[in-house]
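Colleague: I would like to learn how to read a few local features and some helix packing from a model. Could we go through them one at a time?

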Amino acid sequence: MAILRWLGRCRPAGTWTSWRTYGTVNVLGKDYPTDAMTNVSPTILSKLSVQLHTQPAHPLSTLRSLVESHFPAYAHLSSVSPLVTPYQNFDLLSFPPDHPGRSVTDSYYINKDLMLRTHTSAHEVDVFSRGETTWLLTADVYRRDEIDASHYPVFHQTEGCRIVSADAAGMQEIQDDNARLEDHLRRSPILIEDVPHLSPTNPCQPAHDPKHTELIAKNLKLSLNSLILRLFGGKQAEGEPLRVRWIEATFPWTTPSFEVEVFFRGKWLEILGCGVIHQATLDNSNVPNKLGWAFGLGLERIAMVLYSIPDIRLFWSQDPRFLSQFKQGEINTFRPYSKYPTCFKDVSFWLPTDITLHDNDFCDLVRDVAGDIVENVKITDTYEHPKSKRKSICYRINYRSMDRSLSNDETNELHAQVTSRLQEQFRVEIR
Ligand code: PHE
């Protein structure tokens, strides 16, 4: 279990990390030095060893193996440490230096040189460098986020990649596969709204032959349409075909790029990002003469739909009433065991002018005190005093356990702890 150990707390004011004296933090059994960028919390670190996607019978594990069974000849990777360098997570994938994803308000840092991966794409260069050409990698990923029914700072992704040699033999392999997949999809109840493989706003890379890129993009789309049919097909209302929508997108390490949405229970649901891998990524991986595609699938999103799981916190529940409902390899509809009463409490305060408090800072603080008992957090009011320029903020915290009824005393106690931590860490003045 990861334990956060801060040495001393004597530095005054500044942003939320600078009041600490830097020490070490223990992550997965090893000590690492902390610095001004350190922002991992004990709650976040406690998730690292859980590995829901490999826990037998867990919905995320069933979904992982379902995706794997659709690509039987691919390498299936699933126990890769979440600790990566910012260089792996961003630079090797051509993220610009000022990309917002790099900021401490969006990502979790152990220190300036080590972070928790924000996506499984962080491993593309490593895996290609090891010589893998067709592979899936499923893992936990970490992003600082708000608190509500579909956002959680840890979630799971499956990265899927295929590269072939950028020559006549490689292109023939892709063409043959395209013919096979097209035949399969032609006979299936799936309705696809497509966009061109290439367009002025989603162009071919200068280093690539447009004919090759067309074939690769087509292979990417056919492979994913067939996966989506496997996952969602047969779950539509009687006689309704499955509707899938392709949209142009941009990712720093793929061009052309796409996002895919699936129409499910009356709503379009974004389930993945993908594209033709950048030459720079292939060069960084020492495979400059290959060409191929990559996709990243969000597992919670898909599992919530397939199992009718209404709240993302449930994936982390240890309650037997949740866990006992599932069998490995089977998708069934989740039966809610109870909805316990909710209790909201407001905290309203003045923020000193020399302190910045991001919503994600507030949410991490709340999670550290109350964990998954918090259902959502909303800002209900902000106001800047015209003279002093001090900002007043009011947050509303909704407390609701998924497993039991909370007593009023317990909620009051949690809320009092949130309040005193706010005063201690951000020197706020409670109103
Ligand atoms: N990593 C991207 C994300 O997290 C998804 C993606 C994977 C996009 C591979 C393109 C290629 O949103």
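Colleague: Where does Thr158 lie?

Modeller: Helices (H or I, at least four residues) and strands (E, at least two) are DSSP runs numbered from the N terminus, and Thr158 lies in strand S8, residues 154-165. This is a predicted model, in which local features need pLDDT of at least 70 and side-chain atom pairs count only at pLDDT 80 or more, while totals for chains, interfaces and linings use all residues. Residues are numbered from 1 along each chain as its sequence is written, and side-chain values use heavy atoms, with hydrogens and water left out.

Colleague: Is Thr158 buried or exposed?

Modeller: Buried means under 20% relative accessible area, exposed means over 50%, and partly exposed is in between (1.4 Å probe, protein chains only). With a relative accessible area of 1%, Thr158 is buried.

Colleague: Which residues does Thr158 touch?

Modeller: Contact means heavy atoms within 4.5 Å. Not counting residues up to four places away in sequence, Thr158 touches Val67, Thr120, Leu136, Leu137, Thr138, Phe295, Gly296, Leu297 and Leu299. With Thr138 there is also a polar contact between the two side chains, at 2.9 Å; the term stands for a pair of N or O atoms within 3.5 Å, where within protein one must be able to donate a hydrogen and the other to accept it, and residues adjacent in sequence count only if both atoms are side-chain atoms.

Colleague: Which residues does a cis peptide bond join?

Modeller: Thr255 and Pro256 are joined by a cis peptide bond, with omega about -10°, and Pro256 lies in strand S11, residues 254-264.

Colleague: How do the axes of helices H10 and H11 cross?

Modeller: Axes are lines fitted to C-alpha atoms, for helices over the stretch in contact, and angles run from 0 to 180 degrees between N-to-C directions. The axes of H10 (residues 359-370) and H11 (residues 408-426) come within 9 Å and cross at roughly 135°. Angles under 35 degrees count as roughly parallel, over 145 as roughly antiparallel, 65 to 115 as roughly perpendicular and the rest as oblique, and H10 and H11 are therefore oblique to each other. Their contact is made by residues including Phe362, Leu365 and Val369 of H10 and Leu414, Val418 and Leu422 of H11. The residues of this contact divide into nine nonpolar, two polar and three charged, where Ala, Val, Leu, Ile, Met, Phe, Trp, Tyr, Cys and Pro count as nonpolar, Asp, Glu, Lys and Arg as charged, and the others, Gly among them, as polar.

Colleague: At what angle do H5 and H6 pack?

Modeller: Helix H5 (residues 168-186) and helix H6 (residues 210-232) pack at an angle of about 35°, and their axes are 9 Å apart. Among the residues that meet are Ile174, Asn178 and Leu181 in H5 and Leu215, Asn219 and Leu222 in H6, and the residues of the contact divide into eight nonpolar, eight polar and three charged.
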